[in-house]
Amino acid sequence: PLAAQSRFKLGECLYQVKRYDDAITAISGALTKLSDPQERANANYLLGESYRALGQGTRARIYYGTVVSDYGTTSLAPPARGTNTQPGDVESVRFN
C-alpha cells in the first residue's frame, strides 16, 4: 500500500506541474493497488481531471462517473457530478 500511495502522490505532483500524461501513468499504476475508498476516489477524480486537461472529455467522464457511482459518499462525489467546469476549477478539494 505504501508504494501505491507514493505512486499516487507522484501522480498528484505531476498533475500540479501540468505533466498530465505522466500523471495518468503514475496514478493508473497506483489505482489498482489502493485499498482505501477515499484514496481510490482521489485517484479516479485526478485521472478525470488529467484527461479533461488533455481535452479528452469522454475519458474524463468515465473516471468522474466511477467516483460518483462507486464512491458516492466521498467528498469528491459532488465535484465529480459537476464536471462542466474547466480543469482545476475545484480548488477547494483536498486530496488525502
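Me: Let's jump right in. Where is Tyr71 found?
Reply: Tyr71 sits in the loop between H4 and helix H5, which covers 77-81. Before we go on, keep in mind that this is a predicted model.

Me: Good to know. Is Tyr71 buried or exposed?
Reply: Tyr71 has a relative accessible area of 11%. The cut-off for buried is under 20%, so Tyr71 counts as buried.

Me: Which residues does Tyr71 touch?
Reply: Leaving out residues up to four places away in sequence, Tyr71 touches Pro37, Arg40, Ala41, Asn44, Thr66 and Ala77. Take Arg40 as an example: Arg40 and Tyr71 are 31 residues apart along the chain, and their C-alpha atoms are separated by 8.2 Å.

Me: What about Leu76, where does that one lie?
Reply: Leu76 is also in the loop between H4 and H5. Its relative accessibility is 0%, so Leu76 counts as buried.

Me: Let's zoom out. How many helices and strands are there in the protein chain?
Reply: The protein chain has five helices and zero strands. Going along the sequence, the pattern reads α-α-α-α-α.

Me: And how many of the residues count as buried, as a percentage?
Reply: The protein chain has 96 residues, and 44% of them count as buried. The accessible surface of the chain is about 5300 Å², with 51% of that belonging to carbon and sulfur atoms.

Me: What about contacts between residues at least 24 apart?
Reply: If you take the contacts between residues at least 6 apart in sequence, 50% of them join residues at least 24 apart.

Me: Now the helix packing. At what angle do H1 and H3 pack?
Reply: Helix H1 (residues 2-16) and helix H3 (residues 37-53) pack at about 30°, and their axes are 11 Å apart. Angles under 35 degrees count as roughly parallel, so H1 and H3 are roughly parallel to each other. The crossing of H1 past H3 is left-handed.

Me: Which residues make that contact?
Reply: H1 brings Gln5, Phe8, Gly11, Glu12 and Tyr15, while H3 brings Glu39, Asn42, Ala43, Leu46, Glu49 and Ser50. By class, the contact of H1 with H3 has four nonpolar, four polar and three charged residues.

Me: Moving on, how do H2 and H3 pack?
Reply: Their angle is about 155°, with the axes of H2 and H3 9 Å apart. Angles over 145 count as roughly antiparallel, so H2 is roughly antiparallel to H3. The H2 and H3 crossing is left-handed. On the H2 side, the contact is made by Tyr20, Ala23, Ile24, Ile27, Ser28 and Leu31; from H3, the residues include Arg40, Ala43, Asn44 and Leu46.

Me: What classes does that contact have?
Reply: The contact of H2 with H3 has ten nonpolar, three polar and one charged residues.

Me: And H3 with H4?
Reply: The axes of H3 and helix H4 (residues 57-70) come within 7 Å and cross at roughly 160°. H3 and H4 are therefore roughly antiparallel to each other. H3 passes H4 with a left-handed crossing. Among the residues in contact are Ala41, Asn44, Tyr45 and Leu47 of H3, and Arg59, Ala60, Tyr63 and Tyr64 of H4. The residues of this H3 and H4 contact divide into eight nonpolar, three polar and three charged.

Me: One last thing: what is phi of Lys18 near?
Reply: Phi of Lys18 is near 65°, a positive value in a residue other than glycine. Most residues other than glycine have a negative phi. Lys18 lies in the loop between H1 and helix H2 (20-31).

Me: Is Lys18 buried or exposed?
Reply: Lys18 is exposed, with a relative accessible area of 61%.

How values were computed
Residues are numbered from 1 along each chain as its sequence is written. This is a predicted model: local features need pLDDT of at least 70, side-chain atom pairs count only at pLDDT 80 or more; totals for chains, interfaces and linings use all residues. Side-chain values use heavy atoms; hydrogens and water are left out. Helices (H or I, at least four residues) and strands (E, at least two) are DSSP runs, numbered from the N terminus. Buried means under 20% relative accessible area, exposed over 50%, partly exposed in between (1.4 Å probe, protein chains only). Contact means heavy atoms within 4.5 Å. Accessible areas come from the Shrake-Rupley method with a 1.4 Å probe; for residues, only the protein chains shown count as cover. Axes are lines fitted to C-alpha atoms, for helices over the stretch in contact, and angles run from 0 to 180 degrees between N-to-C directions. Angles under 35 degrees count as roughly parallel, over 145 as roughly antiparallel, 65 to 115 as roughly perpendicular and the rest as oblique. A crossing is left-handed if the near helix is turned anticlockwise from the far one by less than a right angle, and right-handed if clockwise. Ala, Val, Leu, Ile, Met, Phe, Trp, Tyr, Cys and Pro count as nonpolar, Asp, Glu, Lys and Arg as charged, and the others, Gly among them, as polar.
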